[in-house]
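Open the model in your viewer and keep the sequence panel beside it. The tour goes from one selection to the next and says what is found at each stop.

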Amino acid sequence: MDKLGQLSRLFAIGVCAYAVMSNHYHLVLKVEPDTAANWSEREVAERWAALFQWPLLVRRWYQGESLIEPELAVVQQLIGQWRERLHSISWFVRLLNENLARQANREDGCKGHFWEGRFKSQALLTESALLACMTYFDLNPIRAGLSDRPEQSDYTSLKQRLDGEQSAAPLPPLLLPFAHEARPDSLPYTFADYLMLVDWTGRAIRVDKRGHIPASLAPILTRLGVDEVRWLKQVTLFRRQGIRVVGDKEHCQQFAWHCDQRRCHQPSL
């Protein structure tokens, strides 16, 4: 939680939701390359310095020493590379996983790989897909039988939002806000509607999971035009293997073209 809080403040990557479980964790992230592009060279260097030591040449440049043109070109190349990395999900997760692996190996007195493999990612192409994924993650402790209500589910973004400034973590992750007129980068729905949706989805009994919340219909489903059965099937997509994208047919096709592919497979709902 501490490391996630640090990285969320240094990277141009917004955290929409998260859930930390006993042997894995989930993140819903929003990459913000435009934010990184607007950082000054000094700000990029300062953010990178919070993660790694600077080369001597960059330190001299930062202190205002006069550099010859080839030296200045090297500095600018490094800063350009750091700017790219500071909005890369691969670098974000790499630093998070590496920190956890080193700590775990140190505690266990062993060496070697800690994680089973590289992280898996899925592209969320629609607001409905984003809602379903966030809901799935925030309900992880309930489905695992660790809690029976969202407000008591530790180490989730929903619990942090409900706790507000009283969060137990010394440096809680920096979360993207819900719909707000003054914040164009906010999540596209209100927190109250999201709470009702999580509560309704958690009440649906699933035979493949141990826990649930006891069934009430959430008004947000009608406003989104989402069928109840279809919604629950979309939420369960995130635990299936081989799913690269989640969204409607049109957005999946656009994503395939973006990746120079003819089509993007997604199981039928």
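Select C110: this residue is partly exposed, with a relative accessible area of 37%. Partly exposed lies between buried, under 20% relative accessible area, and exposed, over 50%, with a 1.4 Å probe and protein chains only. The model is predicted, so local features need pLDDT of at least 70 and side-chain atom pairs count only at pLDDT 80 or more, while totals for chains, interfaces and linings use all residues. Residues are numbered from 1 along each chain as its sequence is written, and side-chain values use heavy atoms, with hydrogens and water left out.

Next, select C16. Is C16 buried or exposed? C16 counts as buried, at 3% relative accessibility. A search of the whole structure finds zero disulfides (pairs of cysteine sulfur atoms within 2.5 Å). For C16, the nearest cysteine sulfur is that of C133, 9.2 Å away.

Now show the whole protein chain as a cartoon. The chain has 13 helices and four strands. Both are DSSP runs numbered from the N terminus: helices are H or I with at least four residues, strands are E with at least two. Of the 269 residues, 42% count as buried. The accessible surface comes to about 15,800 Å², and 50% of that belongs to carbon and sulfur atoms; the areas come from the Shrake-Rupley method with a 1.4 Å probe, and for residues only the protein chains shown count as cover.

Select strands β1 (13–20) and β2 (25–31). They run antiparallel and are joined by seven bridges; two strands pair if DSSP finds at least two bridges between them. The two form a hairpin with four residues between them.

Then show the side chains of L7, F11, L51, W61, W82, L86 and F92. These have the most contacts inside the largest nonpolar core, which has 29 residues. A nonpolar core is a set of buried Ala, Val, Leu, Ile, Met, Phe, Trp, Tyr and Cys residues joined through side-chain atoms within 4.5 Å. Elements that each supply at least two residues of this core include α1 (2–10), α5 (69–85) and α6 (89–108). Which helix gives the most? It is α6, with five residues. Apart from this core lies another, of 20 residues, among them A17, L176, Y189 and V198.

Stay with W82. Leaving aside neighbours within four places in sequence, W82 is in contact (heavy atoms within 4.5 Å) with V44, A45, W48, W54, P55 and V58.

Move to helix α3, where V44, A45, R47 and W48 are buried. They cover an arc of only 165° around the axis, which puts them on the same side of α3; the arc is that of the directions from the helix axis to the C-beta atoms. The cover over the buried residues of α3 includes α1, α4, α5 and α6.

Select A36, in helix α2 (residues 33–37). A36 is buried, with a relative accessible area of 0%. Not counting residues up to four places away in sequence, A36 touches A12, R83 and H87. A36 and F11 are 25 residues apart in sequence and 8.1 Å apart in space, C-alpha to C-alpha.

The last stop is K159, in helix α9 (residues 157–163). K159 is buried, with a relative accessible area of 15%. Beyond four places in sequence, K159 touches P150, E151, Q152, S153 and D154.
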